[in-house]
Amino acid sequence: MDEETLEILRDFTSESREALDTIEPLIIELEGGQTENVDADTVDAAFRFFHSMKGTASFLEFQHVVELTHVSESLLDLIRKGVTPLLPRHVDMLCEALDLARKMLDAIDDTYTDDAFAEPASSLAGLLQVAVDDAKGREEQPSEDSEGTMTAEKAVDDAKGGSDDAPTEVNEVSDGGRANDGMSDFFAAMMTPEMIEKFRVETEEHLDAAEDALMKLDPAAPDLPRVEAAFRSLHSVKGNASLFGFTQLSVAAHALENTLDDIRNGQLAVRKEIIDSLLQGVDTLRTLLSESAAPKTPPEPSAEEAPTTTTASKKKDEPKPSPRAGQSAPKKQASNRGSSIRVDTDKLDDLMNLVGELIIAETTVTHNPDLEGHHFESFQKAATQLNRLTRRLQQVTMAVRMVPVVSTFRKMLRLVRDVSTKQQKEVVLVVEGEQTEVDKTVIEMIGDPLVHMIRNAVDHGIESPEERRAAGKPEQGTIRLSAAHEGQEVWITIKDDGRGLSREKILAKAVEKGIVGPDDNPSDAEVYKMIFAAGFSTAAEVTDISGRGVGMDVALRNIEAMNGRVDIHSQPGEGSTFILRIPLTLAIIEGMLVRVGPSAYTLPLLSIREHVRASEADISRLPDGTELFRLRDNLYPIYHLRDLYGTDARTSIDEGILILVCEGYHTVCVLVDEVIGQRQTVIKPVPDYLRGVRGISGCSILHNGEICLILDVEGLVKRQAMAA
Amino acid sequence: MDAPTLQSEEPTLESEDVDRYLTFTTDDMFYAFPIRNVTEIIGMQTITTVPDVPPFIKGVINLRGKVIPLMDVRLRLGLQGVEYNDRTCIIVVEVTDRNVGVIVDAVSDVLTIDTAQIEPPPDYRSGNDTHYISGMAKREEGIVVVLDAEELLRISETDTRRGAGAS
């Protein structure tokens, strides 16, 4: 596979994947609306998506993708034309088609073929075809109309896809009527000006190559490689053009390509006139290109532009596209396009790392030990200025990495739909604050926990319609998913109006699992948190959705990996609320710098409750050596940080400072030698080489270049709890 | 503070480094790393110790803003540890995108060893202890033990547990 095809292929998969993500919530939204009054823009957008994908796939010869997208498109076409209303099973099938398409794209990325999907694609396509036939049967007349107005390109693809009764001669359709307006809006909305510019340059190169090959073609002794070369160039033009939604260009290139194909197969003799008209065709393509490679697509060509015969291709320079009218892509996708660029996430990570290092380097200079005892006035000024700039740079870099949670939230619409359908429950997901921005790493890590928790809410939280009716609640359950900034954290709230968490059930299960003793009396918050324990499920029955007790523990682990936490509130009969509290950024932490012996450590400020000087008198010792510190009638176990290494002599309690840290429902005291102060530190991960180190969650670098370990309070607390 | 790096001395060895090795001494024995694994050589640094790691992991250092772990090659090879002195060096080795500093007694030379000269380690069956040795080469200076950097730097579960138990 040559470089060029590979490039097209990658563009195809990445563009299609992005479009998939956009289209899926739209389709689900469609269903939410009145089926009688389907939002035409949305159906159009979905139709165009499948259409564009089909066009490119057929060029790239992914026949199974073509098969699938073709029927999906046909179905949407019928819906769009009002031949059939959008039925729930249509949405099911379309969603399945999207899923399958996604898998195929993955396979194409890896193996450059979709062969592995022959079976699922054709079986799903079969189902869709049945739906299409049904719809057609429903109203014979409009269905014929719809074929009459099919676009030339579609007809060609139909022929390729071996579809039922679509006309196979392009000419027939060309007479049939105008090509479809706005065919390319959807994809055009995805394109950045840079991409279009790249497309323009590439297409120009292809056209030059084609022209060159055609010029050198001698009618007396036709040179097949030349024909091949011209064919390939035009083929690429067609593929690119259809990928970018320049239907007009793609149709015209397709016509030329067909002629060349005939020559190639020996069906058409090479005559001078044919070469002339082909060259004219290339000129036409150039004209079209210069007009269409403006940021927006030109209006569609009139139909006579698309015929396959060479004679017709001569005429192509006649129709001049009129200045574009206001072409409106569906408004939902149109926002903010054109003012942004795509950047490789690796570059962003690099930038972030560099800024982190810059800040360290800056403090190394401005707090350099060599400066001690001196007072340099102009140096101080310069240092202050440098400091201000680096802080600013840091803020800007952070801001660059911030992305809205909208796409992650939208995915949940589908999830709720699938799970509630399976459960035969009626659940609506209300999404709020989807424009709230969080660090992109957070976005990546929040997806899985959300899936588990929302699934859980549908499965366990929301009752069956009968139960709800009996409880005097509306049959339709509501889950509210919202995001908002709260100080240095982002709070993602999942609130359902279901049955709420049952303290008794959870407690009984916890006792059974040995998590708590039968006589323990933990607080509500403690009890609720137990649902995150591994293998914990109070569901009476294991369903294929949840109840196996895996999932929630994974969710919690992901959240904790982001230094986040979960707050749970619940009212029996009224529902439960899960609040995921996640730091805005994973790269910086507000911490307390402490010293133990020669080493410095950072304790996350979030987990510190207070620090106190204690005396021996406040300490009680248990027979097993555990020391307990009494503060305001509470007893807290003491953790000697030096024990982390097992060897050093302990600091005596009189000399050290006790820091009360709490994690979940445990509070322990950490004994340190000295509190140095509060610092904002850039977190660096512990080298993954040392992964699994307990008690340490990261490193940071002090201004003297020394590494300071960031203590993992939860790990410490657990350690202490285990030891106790 | 940084010693000059090998790369800056010989920027052109890229293409022919397949059979070039950086040798270092430990207990009068010569050991060698394939030079393609070596990023740079630096002097001893301030080490920050890390809890819960195998004994041969001495901690982490700050290498120009990057936190990299340090392995004491003596302890890794099961030899007796020694005090670090001013000849002690850290060879920064890169394996599968990870940098690890390897503490050695002293760096000696860059050698070109013909692949044909390298013989497999004497006994494969003697257990796990030779799995990080990719071969031995006879040289005028003596026997050079060629190390497989990837294997040497791999920490197994048992190592970690051993370390945790010892602390």
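## A walk through two chains

We start in chain B, where B:Ile41 stands opposite B:Ile91 in β6(B). Before going further, note that this is a predicted model, in which local features need pLDDT of at least 70, side-chain atom pairs count only at pLDDT 80 or more, and totals for chains, interfaces and linings use all residues. Residues are numbered from 1 along each chain as its sequence is written, while chains are lettered from A and ligands numbered from 1 in the order in which they are written.

Helices (H or I, at least four residues) and strands (E, at least two) are DSSP runs, numbered from the N terminus. Two strands pair if DSSP finds at least two bridges between them.

**Strands of chain B**

Strand β3 (residues 38-43) of chain B pairs with β6(B) in the antiparallel sense over five bridges. Strand β6(B) covers residues 89-95, and five of its seven residues are buried (20 or more other C-beta atoms within 10 Å of the residue's own; exposed means 12 or fewer, partly exposed in between, with C-beta atoms placed from the backbone). Strand β6(B) also pairs with β7(B), residues 98-104, in the antiparallel sense over seven bridges. Here B:Val95 has B:Arg98 of β7(B) as its bridge partner. What does B:Thr96 do in the hairpin of β6(B) and β7(B)? B:Thr96 takes a positive phi near 40°, in a hairpin with two residues between the strands.

**Chain A: the sheet and its helix**

Chain A contains 24 helices and 18 strands, and 41% of its 724 residues count as buried. Five of its strands form an open sheet with mixed pairing, in the order β2-β4-β5-β7-β6. At the edges are β2 (427-432) and β6 (565-571) of chain A, each pairing on one side only.

| Strand pair | Bridges | One bridge pair |
|---|---|---|
| β4(A) and β5(A) | eight bridges | A:His485 and A:Val490 |
| β5(A) and β7(A) | seven bridges | A:Lys495 and A:Thr577 |

Helix α19(A) packs on the sheet, touching β2, β4, β5 and β7 of chain A, and its direction makes about 20° with that of β5(A). Such an angle runs from 0 to 180 degrees between N-to-C directions, with axes fitted to C-alpha atoms, for helices over the stretch in contact. Touching means that the C-beta atoms of two residues, placed from the backbone, lie within 7 Å.

Helix α19(A) spans residues 440-461 and reaches 30 Å from its first C-alpha to its last, close to the 32 Å expected (1.5 Å times one less than the number of residues). A kink of about 35° lies at A:Ile446, shortly before the proline A:Pro449; the bend is the angle between axes fitted to the seven residues ending at a residue and the seven starting there.

Because 14 of its 20 residues are buried, α11(A) is largely enclosed by the rest of the structure.

Where does A:Cys699 lie? A:Cys699 lies in strand β17 (residues 696-701) of chain A. A:Cys699 is buried, with 23 other C-beta atoms within 10 Å. Not counting residues up to four places away in sequence, A:Cys699 touches residues of both chains, including A:Cys708, B:Val60 and B:Val67. A:Cys699 and A:Ile683 are 16 residues apart in sequence and 5.9 Å apart in space, C-alpha to C-alpha.
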